[in-house]
Amino acid sequence: MTKHELKCKLTEYKLDTRGVKDVLKKRLKNYYKKQKLTYTKDSGSSDQYYDYICVIDFEATCEEDNSPDYIHEIIEFPIILLNTKTLEIEDTFQCYVKPEVKTELSNFCISLTGITQETIDHADTFPNVLRSAVDWMKKKQLGTKYKYAILTDGSWDMSKFLNMQCRVSRIKFPCFAKKWINVRKSYGNFYKVPRNQTKLTLMLEKLGMKYDGRLHSGLDDSKNIARIAARMLQDGCELRVNERIHAGQLMSVCSSLTFEGAPMPQNPSFRK
């Protein structure tokens, strides 16, 4: 079918017509797949394994010519709470973080992230921010009443930034962040897109969307990643945990395995 024919069919079924041809084909194919399920299920769409997805995209200290041993410290901690049933963002969490090693941001970092030195100077320390994030997740009943998963744009947020930050702050790596959905992997596998075409702006473009907000703002990046995740769920993708960290090392997870997000500790203590 031509792209025009695909759009006509999608319009007929009242489906989204935005995106490149391959994405439209995938969307139509998954619509037909869902329709077949109506013969065996009361609903035309399968239930998602997770009730919520928490999208996290840290911002960290950086310099224009980062050396391999440069210590990145988290300076923005955002979480977007995406309801997998309604595909709506229900709530957001955001805190800025004061770095410990290099307390003064580079001009490059300020220009890239839009985070000012004044904002950082008045921010809280990472252990306190992490505690606030866990408390927020507990209030949302994640890991108790609701199943959830963490979702990131790539591997670095958890395996590098959070891993390094916990060492700097001398605290244990949080249980909830030990496994996650790498949306780049999921996107590439689902839409059959090469890995070099899974950058945030390119993923949005192929889905017929534009970036909304300021690039490299942790909160704005997370919101746009959540838009991609919502579209993938709408198109029939089963977003499942595909990466984890073990003994400080990044590891892949078999797509056939499923995980619930780690339950929130009753009395969180992050100190070793």
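**Before starting.** I am working from a predicted model.

**Entry 1: helices 7 and 9.** I began with how helix 7 (residues 183–191) sits against helix 9 (residues 218–234). I found the two packed at an angle of about 35°, and their axes are 11 Å apart. The crossing of helix 7 past helix 9 is left-handed. Next I looked up who makes the contact. Helix 7 brings Val 183, Ser 186, Tyr 187, Phe 190 and Tyr 191, while helix 9 answers with Ile 225, Ile 228, Arg 231 and Met 232. Sorted by class, these contact residues come out as seven nonpolar, one polar and one charged.

**Entry 2: the second largest pocket.** I noted a volume of about 740 Å³ for this one. Which residues lie closest to its centre? From a lining of 25 residues, I wrote down Glu 59, Trp 156, Phe 161, Arg 184 and His 216 as the closest. Strand 2 (59–60), helix 3 (107–113), helix 6 (156–168) and helix 8 (200–206) each give two or more residues to the lining. Helix 6 has the largest share, with three residues. By class, I have the lining down as nine nonpolar, seven polar and nine charged residues.

Entry 3: Phe 77 belongs to strand 3 (residues 74–83) and Phe 93 to strand 4 (residues 89–96), so the pair ties together parts 16 residues apart in sequence.

Note on methods: Residues are numbered from 1 along each chain as its sequence is written. This is a predicted model: local features need pLDDT of at least 70, side-chain atom pairs count only at pLDDT 80 or more; totals for chains, interfaces and linings use all residues. Side-chain values use heavy atoms; hydrogens and water are left out. Axes are lines fitted to C-alpha atoms, for helices over the stretch in contact, and angles run from 0 to 180 degrees between N-to-C directions. Helices (H or I, at least four residues) and strands (E, at least two) are DSSP runs, numbered from the N terminus. A crossing is left-handed if the near helix is turned anticlockwise from the far one by less than a right angle, and right-handed if clockwise. Contact means heavy atoms within 4.5 Å. Ala, Val, Leu, Ile, Met, Phe, Trp, Tyr, Cys and Pro count as nonpolar, Asp, Glu, Lys and Arg as charged, and the others, Gly among them, as polar. On a 1 Å grid over the protein atoms alone, a cavity is a set of points where a 1.4 Å probe fits but cannot get out, and a pocket is an open set with protein on both sides within 12 Å along at least five of seven lines; lining residues have an atom within 4 Å of a point. Grid points are joined across faces, edges and corners, and a volume is the space filled by probe spheres set on the points.
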